[in-house]
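Please have the sequence and the 3D view open as you read.

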Amino acid sequence: MEFGLVDMALDVFEWMPQRNFVTYNAVLTGFCRKKEGVRVTFAKKAGLRGLGLFRQMVEDGLEISDVTVTGVLNVCAIAADRKASEQVHAFVIKCGCMSSPWIDAVLIDMCIKCGRSGDAHLLFEQWQHEESFHIAWNSLLLASVRDGEYEKTFSTFLQMFRSSGVEFIDEFMLTAVLGVCGSLGFAELGKQLHSFAAKSGLLCVRGVGNAFISMYGKCGELKDAANFFERMTCRDLVSWNAMVTAHLLHQGDEILKIWSEMERLMIRPDSITFLLVISACSHTSSDSTEKCRELFLSMPSTYGIEPAMEHYAAFVYVLGCWGHFDKAEQLIGGMPLKPDALVWRSLLDSCSKQSNMAVRRRAIKHLLALEPQDPSTYVLTSNLLSESARWHSSENTRLQMREKGMRKIPARSWTFHGNMVHSFFARDRAHPQSRDIYAGLDVLILECIKDGYEPDTTFVLHDVEEYQKRHFLMYHSVKLASMYGLLMAGPGQIVRVVKNIRMCGDCHSFLEHASAATGKVISVRDSSGFHIFRGGKCSCR
(Lines give C-alpha, C1' and ligand atoms only; values in the text may rest on other atoms or scores of the structure.)
Protein backbone atom coordinates (compact mmCIF):
# COMPACT_ATOMS: atom_id res chain seq x y z
CA MET A 1 0.00 0.00 0.00
CA GLU A 2 2.92 2.42 0.73
CA PHE A 3 4.00 2.13 -2.94
CA GLY A 4 0.44 2.36 -4.28
CA LEU A 5 0.37 -1.34 -5.32
CA VAL A 6 -3.25 -1.75 -4.22
CA ASP A 7 -4.03 -4.98 -6.11
CA MET A 8 -0.87 -6.68 -4.87
CA ALA A 9 -1.67 -5.62 -1.28
CA LEU A 10 -5.20 -7.03 -1.61
CA ASP A 11 -3.79 -10.34 -2.94
CA VAL A 12 -1.60 -10.65 0.18
CA PHE A 13 -4.62 -9.70 2.31
CA GLU A 14 -6.69 -12.51 0.74
CA TRP A 15 -3.90 -15.11 1.22
CA MET A 16 -3.53 -14.40 4.95
CA PRO A 17 -4.85 -17.32 7.04
CA GLN A 18 -5.56 -14.95 9.96
CA ARG A 19 -6.30 -11.22 10.00
CA ASN A 20 -6.78 -8.73 12.84
CA PHE A 21 -7.80 -5.07 13.07
CA VAL A 22 -4.21 -3.94 12.31
CA THR A 23 -4.36 -5.81 8.98
CA TYR A 24 -7.66 -4.16 8.07
CA ASN A 25 -6.38 -0.72 9.13
CA ALA A 26 -3.33 -1.11 6.85
CA VAL A 27 -5.56 -1.79 3.85
CA LEU A 28 -8.10 0.90 4.80
CA THR A 29 -5.36 3.53 5.22
CA GLY A 30 -3.84 2.44 1.90
CA PHE A 31 -7.05 3.24 0.04
CA CYS A 32 -6.79 6.84 1.34
CA ARG A 33 -3.29 7.49 0.01
CA LYS A 34 -3.27 10.16 -2.68
CA LYS A 35 -1.64 9.00 -5.91
CA GLU A 36 -0.43 11.45 -8.56
CA GLY A 37 -2.49 11.33 -11.76
CA VAL A 38 -5.29 9.17 -10.29
CA ARG A 39 -8.61 9.99 -11.98
CA VAL A 40 -11.62 10.97 -9.88
CA THR A 41 -13.56 7.88 -11.02
CA PHE A 42 -10.70 5.59 -9.91
CA ALA A 43 -10.43 7.37 -6.54
CA LYS A 44 -14.20 7.04 -6.02
CA LYS A 45 -13.97 3.30 -6.74
CA ALA A 46 -11.15 3.00 -4.18
CA GLY A 47 -13.33 4.84 -1.64
CA LEU A 48 -16.24 2.46 -2.19
CA ARG A 49 -13.91 -0.55 -1.81
CA GLY A 50 -12.67 0.97 1.45
CA LEU A 51 -16.26 1.33 2.71
CA GLY A 52 -16.90 -2.33 1.86
CA LEU A 53 -13.82 -3.31 3.85
CA PHE A 54 -15.00 -1.30 6.88
CA ARG A 55 -18.43 -2.97 6.69
CA GLN A 56 -16.65 -6.34 6.78
CA MET A 57 -14.70 -5.25 9.91
CA VAL A 58 -17.94 -4.32 11.71
CA GLU A 59 -19.64 -7.58 10.71
CA ASP A 60 -16.63 -9.61 11.93
CA GLY A 61 -16.71 -7.81 15.29
CA LEU A 62 -13.13 -6.56 15.03
CA GLU A 63 -11.74 -3.79 17.26
CA ILE A 64 -12.42 -0.27 15.97
CA SER A 65 -9.53 2.09 16.78
CA ASP A 66 -9.03 5.81 16.09
CA VAL A 67 -6.96 4.80 13.03
CA THR A 68 -9.94 2.78 11.74
CA VAL A 69 -12.35 5.68 12.25
CA THR A 70 -9.98 8.16 10.54
CA GLY A 71 -9.54 5.69 7.66
CA VAL A 72 -13.26 5.11 7.09
CA LEU A 73 -14.01 8.86 7.23
CA ASN A 74 -11.31 9.45 4.62
CA VAL A 75 -12.53 6.70 2.26
CA CYS A 76 -16.07 8.03 2.64
CA ALA A 77 -14.81 11.50 1.64
CA ILE A 78 -13.08 9.95 -1.39
CA ALA A 79 -16.26 8.08 -2.39
CA ALA A 80 -18.24 11.37 -2.00
CA ASP A 81 -21.37 9.35 -1.11
CA ARG A 82 -23.72 11.54 0.96
CA LYS A 83 -25.92 8.67 2.24
CA ALA A 84 -22.91 6.57 3.26
CA SER A 85 -21.34 9.60 4.99
CA GLU A 86 -24.48 10.06 7.12
CA GLN A 87 -24.40 6.36 8.11
CA VAL A 88 -20.67 6.47 8.97
CA HIS A 89 -21.19 9.73 10.88
CA ALA A 90 -23.97 8.10 12.95
CA PHE A 91 -21.68 5.09 13.63
CA VAL A 92 -18.88 7.39 14.86
CA ILE A 93 -21.27 9.18 17.25
CA LYS A 94 -22.58 5.83 18.62
CA CYS A 95 -19.01 4.61 19.17
CA GLY A 96 -18.15 7.77 21.09
CA CYS A 97 -15.10 8.45 18.89
CA MET A 98 -15.70 12.18 18.37
CA SER A 99 -13.41 13.43 21.14
CA SER A 100 -10.19 13.23 19.12
CA PRO A 101 -9.08 16.49 17.45
CA TRP A 102 -7.96 14.61 14.33
CA ILE A 103 -11.17 12.57 13.98
CA ASP A 104 -13.25 15.77 14.28
CA ALA A 105 -11.07 17.46 11.63
CA VAL A 106 -11.51 14.51 9.22
CA LEU A 107 -15.25 14.44 9.99
CA ILE A 108 -15.60 18.08 8.85
CA ASP A 109 -13.60 17.28 5.70
CA MET A 110 -15.87 14.29 4.95
CA CYS A 111 -19.05 16.33 5.40
CA ILE A 112 -17.75 18.95 2.99
CA LYS A 113 -16.68 16.46 0.30
CA CYS A 114 -20.02 14.64 0.57
CA GLY A 115 -22.06 17.80 -0.02
CA ARG A 116 -22.91 18.47 3.63
CA SER A 117 -21.39 21.94 4.10
CA GLY A 118 -24.16 22.92 6.53
CA ASP A 119 -23.32 19.99 8.84
CA ALA A 120 -19.61 20.88 8.59
CA HIS A 121 -20.32 24.44 9.79
CA LEU A 122 -22.46 23.11 12.67
CA LEU A 123 -19.59 20.82 13.74
CA PHE A 124 -17.15 23.70 13.62
CA GLU A 125 -19.36 25.87 15.83
CA GLN A 126 -18.89 23.24 18.60
CA TRP A 127 -15.09 23.05 18.05
CA GLN A 128 -12.94 22.51 21.17
CA HIS A 129 -9.54 21.35 19.84
CA GLU A 130 -6.82 23.98 19.55
CA GLU A 131 -4.22 21.70 17.89
CA SER A 132 -6.38 20.92 14.83
CA PHE A 133 -8.25 24.23 14.70
CA HIS A 134 -6.48 25.47 11.57
CA ILE A 135 -6.99 22.18 9.71
CA ALA A 136 -10.75 22.54 10.23
CA TRP A 137 -10.61 26.21 9.15
CA ASN A 138 -8.74 25.18 6.03
CA SER A 139 -11.41 22.59 5.18
CA LEU A 140 -14.19 25.18 5.53
CA LEU A 141 -12.25 27.62 3.37
CA LEU A 142 -11.79 25.02 0.62
CA ALA A 143 -15.50 24.11 0.88
CA SER A 144 -16.49 27.71 0.11
CA VAL A 145 -14.09 27.69 -2.87
CA ARG A 146 -15.52 24.40 -4.16
CA ASP A 147 -19.11 25.72 -3.85
CA GLY A 148 -18.19 28.93 -5.71
CA GLU A 149 -19.03 31.08 -2.65
CA TYR A 150 -16.03 33.35 -3.15
CA GLU A 151 -17.27 36.29 -1.09
CA LYS A 152 -18.05 33.92 1.79
CA THR A 153 -14.53 32.44 1.43
CA PHE A 154 -13.05 35.92 1.49
CA SER A 155 -14.92 36.87 4.68
CA THR A 156 -13.99 33.49 6.27
CA PHE A 157 -10.32 34.13 5.52
CA LEU A 158 -10.43 37.67 6.97
CA GLN A 159 -12.16 36.32 10.09
CA MET A 160 -9.37 33.73 10.50
CA PHE A 161 -6.74 36.39 9.90
CA ARG A 162 -8.16 38.71 12.57
CA SER A 163 -8.49 35.92 15.14
CA SER A 164 -5.14 34.17 14.54
CA GLY A 165 -2.80 36.54 12.66
CA VAL A 166 -0.56 35.17 9.91
CA GLU A 167 0.84 32.08 11.65
CA PHE A 168 -2.01 29.83 10.49
CA ILE A 169 -1.36 30.51 6.77
CA ASP A 170 0.43 27.52 5.26
CA GLU A 171 1.08 26.73 1.59
CA PHE A 172 -2.30 24.96 1.19
CA MET A 173 -4.33 27.82 2.62
CA LEU A 174 -2.32 30.39 0.67
CA THR A 175 -2.98 28.49 -2.57
CA ALA A 176 -6.72 28.31 -1.77
CA VAL A 177 -6.97 32.05 -1.02
CA LEU A 178 -5.01 32.92 -4.17
CA GLY A 179 -7.58 30.86 -6.10
CA VAL A 180 -10.34 32.99 -4.54
CA CYS A 181 -8.48 36.22 -5.46
CA GLY A 182 -8.27 34.98 -9.06
CA SER A 183 -11.94 33.95 -9.21
CA LEU A 184 -13.06 37.30 -7.79
CA GLY A 185 -10.47 39.25 -9.82
CA PHE A 186 -9.27 40.84 -6.56
CA ALA A 187 -5.71 41.81 -7.52
CA GLU A 188 -5.08 44.05 -4.50
CA LEU A 189 -5.46 41.23 -1.96
CA GLY A 190 -3.37 38.99 -4.25
CA LYS A 191 -0.52 41.54 -4.21
CA GLN A 192 -0.68 41.76 -0.39
CA LEU A 193 -0.43 37.94 -0.22
CA HIS A 194 2.55 38.13 -2.60
CA SER A 195 4.35 40.35 -0.05
CA PHE A 196 3.41 37.97 2.77
CA ALA A 197 4.67 34.93 0.82
CA ALA A 198 7.99 36.69 0.10
CA LYS A 199 8.48 37.51 3.81
CA SER A 200 7.43 34.05 5.08
CA GLY A 201 9.50 32.02 2.60
CA LEU A 202 6.46 30.40 0.97
CA LEU A 203 7.29 32.00 -2.37
CA CYS A 204 9.86 29.28 -3.11
CA VAL A 205 7.17 26.54 -2.91
CA ARG A 206 6.41 25.59 -6.51
CA GLY A 207 2.67 25.03 -5.92
CA VAL A 208 2.37 28.50 -4.41
CA GLY A 209 4.29 30.00 -7.35
CA ASN A 210 1.92 28.32 -9.82
CA ALA A 211 -1.05 29.73 -7.86
CA PHE A 212 0.41 33.26 -8.14
CA ILE A 213 0.74 32.94 -11.95
CA SER A 214 -2.88 31.78 -12.18
CA MET A 215 -4.10 34.53 -9.82
CA TYR A 216 -2.34 37.35 -11.70
CA GLY A 217 -3.64 36.04 -15.04
CA LYS A 218 -7.26 35.88 -13.84
CA CYS A 219 -6.97 39.39 -12.38
CA GLY A 220 -5.84 40.76 -15.75
CA GLU A 221 -2.27 41.44 -14.57
CA LEU A 222 -0.58 39.61 -17.47
CA LYS A 223 2.72 41.44 -17.05
CA ASP A 224 2.96 40.39 -13.38
CA ALA A 225 2.08 36.78 -14.30
CA ALA A 226 4.80 36.70 -16.98
CA ASN A 227 7.39 38.30 -14.66
CA PHE A 228 6.63 35.78 -11.92
CA PHE A 229 6.91 32.89 -14.40
CA GLU A 230 10.28 34.15 -15.66
CA ARG A 231 11.67 34.47 -12.12
CA MET A 232 10.67 30.91 -11.09
CA THR A 233 13.83 28.84 -10.56
CA CYS A 234 12.00 25.52 -10.85
CA ARG A 235 9.02 25.16 -13.19
CA ASP A 236 6.87 22.12 -13.90
CA LEU A 237 4.11 21.43 -16.43
CA VAL A 238 1.57 23.04 -14.08
CA SER A 239 3.61 26.28 -14.30
CA TRP A 240 3.38 26.23 -18.11
CA ASN A 241 -0.34 25.37 -17.99
CA ALA A 242 -0.91 28.26 -15.57
CA MET A 243 0.88 30.61 -17.96
CA VAL A 244 -1.25 29.40 -20.88
CA THR A 245 -4.42 29.86 -18.78
CA ALA A 246 -3.37 33.41 -17.89
CA HIS A 247 -3.23 34.33 -21.59
CA LEU A 248 -6.39 32.39 -22.49
CA LEU A 249 -8.58 35.12 -20.97
CA HIS A 250 -6.85 37.75 -23.13
CA GLN A 251 -5.53 36.57 -26.50
CA GLY A 252 -4.88 33.31 -28.30
CA ASP A 253 -1.94 34.36 -30.49
CA GLU A 254 0.38 34.60 -27.49
CA ILE A 255 -0.64 31.09 -26.38
CA LEU A 256 0.42 29.63 -29.73
CA LYS A 257 3.83 31.29 -29.16
CA ILE A 258 4.04 29.70 -25.69
CA TRP A 259 3.13 26.33 -27.28
CA SER A 260 5.97 26.75 -29.81
CA GLU A 261 8.36 27.50 -26.92
CA MET A 262 7.19 24.34 -25.09
CA GLU A 263 7.85 22.31 -28.24
CA ARG A 264 11.32 23.87 -28.59
CA LEU A 265 12.19 23.05 -24.97
CA MET A 266 10.70 19.53 -25.43
CA ILE A 267 8.28 19.95 -22.51
CA ARG A 268 5.83 17.05 -22.73
CA PRO A 269 2.24 18.33 -22.56
CA ASP A 270 -0.68 16.59 -20.85
CA SER A 271 -4.39 16.51 -21.71
CA ILE A 272 -4.96 19.81 -19.84
CA THR A 273 -2.29 21.56 -21.95
CA PHE A 274 -4.01 20.41 -25.14
CA LEU A 275 -7.42 21.52 -23.86
CA LEU A 276 -6.05 25.02 -23.17
CA VAL A 277 -4.12 25.39 -26.45
CA ILE A 278 -7.04 24.08 -28.55
CA SER A 279 -9.38 26.53 -26.76
CA ALA A 280 -6.94 29.36 -27.53
CA CYS A 281 -7.63 28.94 -31.26
CA SER A 282 -11.02 30.65 -30.76
CA HIS A 283 -9.27 33.79 -29.40
CA THR A 284 -6.71 34.34 -32.17
CA SER A 285 -6.67 37.42 -34.42
CA SER A 286 -7.29 35.30 -37.55
CA ASP A 287 -8.94 31.97 -38.38
CA SER A 288 -6.78 29.27 -36.79
CA THR A 289 -9.01 26.21 -37.32
CA GLU A 290 -6.29 24.42 -39.32
CA LYS A 291 -3.82 24.88 -36.47
CA CYS A 292 -6.50 23.59 -34.11
CA ARG A 293 -7.04 20.48 -36.29
CA GLU A 294 -3.28 19.89 -36.38
CA LEU A 295 -3.08 20.07 -32.56
CA PHE A 296 -6.11 17.79 -32.14
CA LEU A 297 -4.72 15.12 -34.49
CA SER A 298 -1.24 15.26 -32.88
CA MET A 299 -2.66 14.24 -29.48
CA PRO A 300 -2.87 10.46 -30.17
CA SER A 301 -0.32 10.29 -33.02
CA THR A 302 2.57 12.23 -31.43
CA TYR A 303 1.87 12.28 -27.69
CA GLY A 304 -0.21 9.13 -27.12
CA ILE A 305 -3.08 11.10 -25.52
CA GLU A 306 -6.56 10.05 -26.62
CA PRO A 307 -8.90 13.07 -27.00
CA ALA A 308 -11.56 13.13 -24.27
CA MET A 309 -15.04 14.66 -24.44
CA GLU A 310 -13.76 18.09 -23.35
CA HIS A 311 -11.21 18.16 -26.21
CA TYR A 312 -13.96 17.45 -28.76
CA ALA A 313 -16.11 20.16 -27.13
CA ALA A 314 -13.25 22.69 -27.37
CA PHE A 315 -12.61 21.82 -31.04
CA VAL A 316 -16.34 22.15 -31.82
CA TYR A 317 -16.38 25.59 -30.17
CA VAL A 318 -13.39 26.76 -32.22
CA LEU A 319 -15.02 25.61 -35.50
CA GLY A 320 -18.28 27.33 -34.56
CA CYS A 321 -16.54 30.57 -33.52
CA TRP A 322 -14.99 30.87 -36.96
CA GLY A 323 -18.32 30.09 -38.68
CA HIS A 324 -17.51 26.49 -39.77
CA PHE A 325 -20.78 25.03 -38.47
CA ASP A 326 -20.92 22.27 -41.10
CA LYS A 327 -17.47 21.03 -40.05
CA ALA A 328 -18.46 21.28 -36.38
CA GLU A 329 -21.54 19.11 -36.89
CA GLN A 330 -19.51 16.66 -39.02
CA LEU A 331 -17.00 16.38 -36.17
CA ILE A 332 -19.81 15.67 -33.69
CA GLY A 333 -21.31 13.07 -36.04
CA GLY A 334 -17.97 11.27 -36.43
CA MET A 335 -17.02 11.15 -32.74
CA PRO A 336 -15.98 7.72 -31.40
CA LEU A 337 -17.70 8.73 -28.13
CA LYS A 338 -21.39 9.49 -27.83
CA PRO A 339 -21.50 13.34 -27.72
CA ASP A 340 -22.71 14.55 -24.34
CA ALA A 341 -24.24 17.86 -23.22
CA LEU A 342 -20.80 19.52 -23.03
CA VAL A 343 -20.27 19.11 -26.79
CA TRP A 344 -23.73 20.42 -27.74
CA ARG A 345 -23.40 23.33 -25.30
CA SER A 346 -20.09 24.27 -26.93
CA LEU A 347 -21.78 24.33 -30.34
CA LEU A 348 -24.59 26.45 -28.90
CA ASP A 349 -22.16 28.90 -27.22
CA SER A 350 -20.25 29.34 -30.47
CA CYS A 351 -23.50 30.52 -32.12
CA SER A 352 -23.42 33.64 -29.94
CA LYS A 353 -20.31 34.76 -31.86
CA GLN A 354 -21.51 33.65 -35.30
CA SER A 355 -25.31 33.82 -35.22
CA ASN A 356 -26.91 30.72 -36.77
CA MET A 357 -30.51 30.10 -35.68
CA ALA A 358 -30.85 26.66 -37.33
CA VAL A 359 -27.76 25.31 -35.54
CA ARG A 360 -28.92 26.85 -32.25
CA ARG A 361 -32.27 25.06 -32.51
CA ARG A 362 -30.60 21.69 -33.20
CA ALA A 363 -28.15 22.15 -30.33
CA ILE A 364 -30.92 23.09 -27.87
CA LYS A 365 -32.99 20.09 -28.98
CA HIS A 366 -30.09 17.75 -28.13
CA LEU A 367 -29.45 19.55 -24.83
CA LEU A 368 -33.09 19.14 -23.79
CA ALA A 369 -32.87 15.41 -24.49
CA LEU A 370 -29.57 15.01 -22.59
CA GLU A 371 -30.14 17.41 -19.66
CA PRO A 372 -33.90 17.81 -19.16
CA GLN A 373 -33.39 18.78 -15.50
CA ASP A 374 -30.72 21.45 -16.06
CA PRO A 375 -32.15 24.97 -15.40
CA SER A 376 -29.82 26.56 -17.97
CA THR A 377 -31.34 24.41 -20.73
CA TYR A 378 -34.81 25.78 -19.91
CA VAL A 379 -33.47 29.34 -19.91
CA LEU A 380 -31.81 28.80 -23.31
CA THR A 381 -35.07 27.41 -24.72
CA SER A 382 -37.08 30.31 -23.28
CA ASN A 383 -34.63 32.87 -24.72
CA LEU A 384 -34.76 31.24 -28.15
CA LEU A 385 -38.58 31.38 -28.12
CA SER A 386 -38.47 35.04 -26.99
CA GLU A 387 -36.12 35.95 -29.83
CA SER A 388 -38.70 34.48 -32.22
CA ALA A 389 -41.41 36.59 -30.49
CA ARG A 390 -43.17 33.40 -29.28
CA TRP A 391 -43.84 35.03 -25.92
CA HIS A 392 -46.55 32.62 -24.72
CA SER A 393 -44.36 29.54 -25.33
CA SER A 394 -41.41 31.30 -23.66
CA GLU A 395 -43.46 32.08 -20.56
CA ASN A 396 -44.75 28.48 -20.42
CA THR A 397 -41.15 27.20 -20.49
CA ARG A 398 -40.21 29.43 -17.53
CA LEU A 399 -43.39 28.37 -15.72
CA GLN A 400 -42.43 24.68 -16.12
CA MET A 401 -39.03 25.52 -14.73
CA ARG A 402 -40.53 27.21 -11.64
CA GLU A 403 -43.00 24.35 -11.08
CA LYS A 404 -40.08 21.89 -10.98
CA GLY A 405 -38.32 24.03 -8.38
CA MET A 406 -35.46 24.99 -10.72
CA ARG A 407 -33.62 28.30 -10.48
CA LYS A 408 -31.05 29.78 -12.81
CA ILE A 409 -27.91 31.46 -11.50
CA PRO A 410 -28.73 35.19 -11.56
CA ALA A 411 -26.44 37.53 -13.51
CA ARG A 412 -24.17 39.40 -11.11
CA SER A 413 -21.29 41.86 -11.42
CA TRP A 414 -18.85 43.11 -8.82
CA THR A 415 -16.04 45.61 -8.41
CA PHE A 416 -13.59 46.50 -5.63
CA HIS A 417 -13.02 49.52 -3.43
CA GLY A 418 -11.46 49.92 0.01
CA ASN A 419 -10.43 46.25 0.21
CA MET A 420 -14.08 45.25 -0.17
CA VAL A 421 -16.11 43.45 -2.82
CA HIS A 422 -19.10 45.52 -4.04
CA SER A 423 -21.66 43.24 -5.70
CA PHE A 424 -24.62 44.18 -7.95
CA PHE A 425 -27.59 42.43 -9.56
CA ALA A 426 -29.73 43.94 -12.35
CA ARG A 427 -31.80 46.94 -11.12
CA ASP A 428 -30.19 46.45 -7.69
CA ARG A 429 -30.76 49.18 -5.09
CA ALA A 430 -29.28 47.36 -2.08
CA HIS A 431 -25.93 49.18 -2.19
CA PRO A 432 -25.69 52.01 0.40
CA GLN A 433 -24.63 54.44 -2.39
CA SER A 434 -27.27 53.30 -4.89
CA ARG A 435 -28.77 56.82 -5.15
CA ASP A 436 -25.42 58.23 -6.34
CA ILE A 437 -24.85 55.24 -8.64
CA TYR A 438 -28.23 55.63 -10.38
CA ALA A 439 -27.91 59.42 -10.64
CA GLY A 440 -24.41 59.11 -12.14
CA LEU A 441 -25.51 56.38 -14.54
CA ASP A 442 -28.46 58.45 -15.81
CA VAL A 443 -26.08 61.33 -16.61
CA LEU A 444 -23.50 59.04 -18.25
CA ILE A 445 -26.15 57.34 -20.41
CA LEU A 446 -27.27 60.74 -21.77
CA GLU A 447 -23.62 61.64 -22.53
CA CYS A 448 -23.12 58.32 -24.34
CA ILE A 449 -26.34 58.78 -26.36
CA LYS A 450 -25.03 62.21 -27.49
CA ASP A 451 -21.83 60.42 -28.55
CA GLY A 452 -23.77 57.92 -30.71
CA TYR A 453 -24.75 55.13 -28.30
CA GLU A 454 -28.12 53.60 -29.21
CA PRO A 455 -29.70 51.27 -26.59
CA ASP A 456 -30.35 47.88 -28.23
CA THR A 457 -33.62 46.56 -26.77
CA THR A 458 -33.37 43.26 -28.69
CA PHE A 459 -31.32 42.07 -25.69
CA VAL A 460 -34.42 42.39 -23.45
CA LEU A 461 -36.22 39.05 -23.85
CA HIS A 462 -39.53 40.07 -22.21
CA ASP A 463 -42.89 40.86 -23.77
CA VAL A 464 -43.18 44.44 -22.47
CA GLU A 465 -43.53 47.94 -23.93
CA GLU A 466 -40.51 49.54 -25.59
CA TYR A 467 -40.04 52.14 -22.83
CA GLN A 468 -39.97 49.32 -20.24
CA LYS A 469 -37.37 47.45 -22.29
CA ARG A 470 -35.17 50.55 -22.26
CA HIS A 471 -35.58 50.80 -18.47
CA PHE A 472 -34.62 47.11 -17.99
CA LEU A 473 -31.62 47.58 -20.26
CA MET A 474 -30.24 50.70 -18.55
CA TYR A 475 -29.65 49.06 -15.18
CA HIS A 476 -27.93 45.76 -15.99
CA SER A 477 -25.52 44.64 -13.25
CA VAL A 478 -22.36 45.39 -15.26
CA LYS A 479 -23.50 48.99 -15.86
CA LEU A 480 -24.16 49.50 -12.12
CA ALA A 481 -20.81 47.98 -11.09
CA SER A 482 -18.94 50.02 -13.72
CA MET A 483 -20.67 53.22 -12.60
CA TYR A 484 -19.69 52.61 -8.97
CA GLY A 485 -16.12 51.93 -10.11
CA LEU A 486 -16.08 55.19 -12.12
CA LEU A 487 -17.37 57.18 -9.12
CA MET A 488 -14.68 55.69 -6.81
CA ALA A 489 -11.69 55.58 -9.18
CA GLY A 490 -8.94 58.10 -8.62
CA PRO A 491 -6.90 59.79 -11.39
CA GLY A 492 -5.24 57.24 -13.65
CA GLN A 493 -6.91 54.28 -11.91
CA ILE A 494 -8.39 51.44 -13.98
CA VAL A 495 -12.00 50.49 -13.23
CA ARG A 496 -12.09 46.70 -12.77
CA VAL A 497 -15.37 44.77 -13.02
CA VAL A 498 -16.07 41.02 -13.04
CA LYS A 499 -19.31 39.46 -14.34
CA ASN A 500 -20.32 35.84 -13.66
CA ILE A 501 -21.84 35.26 -17.13
CA ARG A 502 -21.28 36.63 -20.63
CA MET A 503 -21.87 40.38 -20.98
CA CYS A 504 -24.72 41.34 -23.32
CA GLY A 505 -24.05 43.22 -26.57
CA ASP A 506 -25.77 46.39 -25.34
CA CYS A 507 -23.57 46.61 -22.20
CA HIS A 508 -20.52 46.09 -24.42
CA SER A 509 -21.57 48.95 -26.71
CA PHE A 510 -22.37 51.21 -23.73
CA LEU A 511 -18.97 50.61 -22.08
CA GLU A 512 -17.17 51.44 -25.33
CA HIS A 513 -18.89 54.84 -25.35
CA ALA A 514 -18.46 55.26 -21.56
CA SER A 515 -14.69 54.78 -21.81
CA ALA A 516 -14.56 57.55 -24.44
CA ALA A 517 -16.89 59.89 -22.51
CA THR A 518 -15.06 59.53 -19.15
CA GLY A 519 -11.50 59.08 -20.44
CA LYS A 520 -11.16 56.08 -18.09
CA VAL A 521 -9.95 52.56 -18.84
CA ILE A 522 -12.66 50.03 -17.91
CA SER A 523 -11.65 46.38 -17.57
CA VAL A 524 -14.46 43.81 -17.57
CA ARG A 525 -13.88 40.08 -17.16
CA ASP A 526 -16.90 37.98 -18.12
CA SER A 527 -17.26 34.26 -18.88
CA SER A 528 -15.72 34.76 -22.33
CA GLY A 529 -12.55 36.55 -21.12
CA PHE A 530 -11.29 40.11 -20.67
CA HIS A 531 -12.69 43.24 -22.35
CA ILE A 532 -10.43 46.28 -21.91
CA PHE A 533 -12.37 49.40 -22.93
CA ARG A 534 -10.11 52.33 -23.77
CA GLY A 535 -10.96 55.47 -25.76
CA GLY A 536 -14.15 54.00 -27.24
CA LYS A 537 -12.61 50.68 -28.35
CA CYS A 538 -12.48 47.19 -26.83
CA SER A 539 -9.50 44.82 -26.75
CA CYS A 540 -11.70 41.89 -27.91
CA ARG A 541 -12.17 43.60 -31.31
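The paragraphs below go from confidence to cores, then to a sheet and a few single residues.

Before anything else, keep in mind that this is a predicted model. One stretch to treat with care is residues 35-41, where the pLDDT is below 50. Beyond near neighbours in sequence, that stretch has three contacts in the model.

Now let us go inside. The largest nonpolar core has 125 residues, and the members that touch the most others are Leu 73, Ile 108, Leu 174 and Leu 347. At least three residues of this core come from domain 1 (1-147), and at least three come from domain 2 (412-538). Apart from this core lies another one of 30 residues, which includes Leu 441, Cys 448, Tyr 484 and Cys 538.

Six strands make an open sheet with mixed pairing, and their order is E2-E1-E3-E4-E5-E6. Which strands stand at the edges? They are E2 and strand E6 (537-538); each has a single partner strand, so one side of each is left without a neighbour in the sheet. As a general point, strands of a sheet pair through backbone hydrogen bonds, either parallel or antiparallel. Strand E3 (residues 495-499) and strand E4 (residues 522-526) run parallel, joined by four bridges. Within this pair, Val 495 stands opposite Ile 522 of E4. A helix also packs on the sheet: H26 (residues 477-488) touches strand E1 (412-417), E2, E3 and E4. The direction of H26 makes about 10° with that of E1.

Stay with strand E4 for a moment, and find Ser 523, which lies in it. Is Ser 523 buried or exposed? Ser 523 counts as buried because its relative accessibility is 3%, and the cut-off for buried is under 20%. Leaving aside neighbours within four places in sequence, Ser 523 is in contact with Ile 494, Val 495, Arg 496, Val 497, Phe 530, His 531 and Ile 532.

From the sheet, move to the loop between strand E2 (420-425) and helix H24 (434-450), where you will find Ala 426. Ala 426 counts as partly exposed, because its relative accessibility is 36%. Leaving aside neighbours within four places in sequence, Ala 426 is in contact with Ala 411, Tyr 475, His 476 and Ser 477. Ala 426 and Met 474 are 48 residues apart along the chain, yet 9.2 Å separates their C-alpha atoms.

Arg 427 is found in that loop between E2 and H24 too. The phi angle of Arg 427 is near 55°, a positive value in a residue other than glycine. With a relative accessible area of 41%, Arg 427 is partly exposed.

Finally, visit the loop between helix H4 (66-79) and helix H5 (82-95), which holds Ala 80. Phi of Ala 80 is near 55°, again a positive value in a residue that is not glycine. At 37% relative accessibility, Ala 80 counts as partly exposed.

Notes:
Residues numbered from 1 in each chain as written. Predicted model: local features only at pLDDT ≥ 70, side-chain atom pairs only at ≥ 80, totals over all residues. Heavy atoms only, no water. Core = buried A, V, L, I, M, F, W, Y, C linked by side-chain atoms within 4.5 Å. Buried < 20%, exposed > 50% of the residue type's maximum accessible area, 1.4 Å probe, protein only. Domains from an automatic or database assignment. Helix = DSSP H or I, 4+ residues; strand = E, 2+ residues; numbered from the N terminus. Contact = heavy atoms within 4.5 Å. Pairing = 2+ DSSP bridges. Axes fitted to C-alpha atoms, helices over the stretch in contact; angles between N-to-C directions. pLDDT = per-residue confidence, 0-100.
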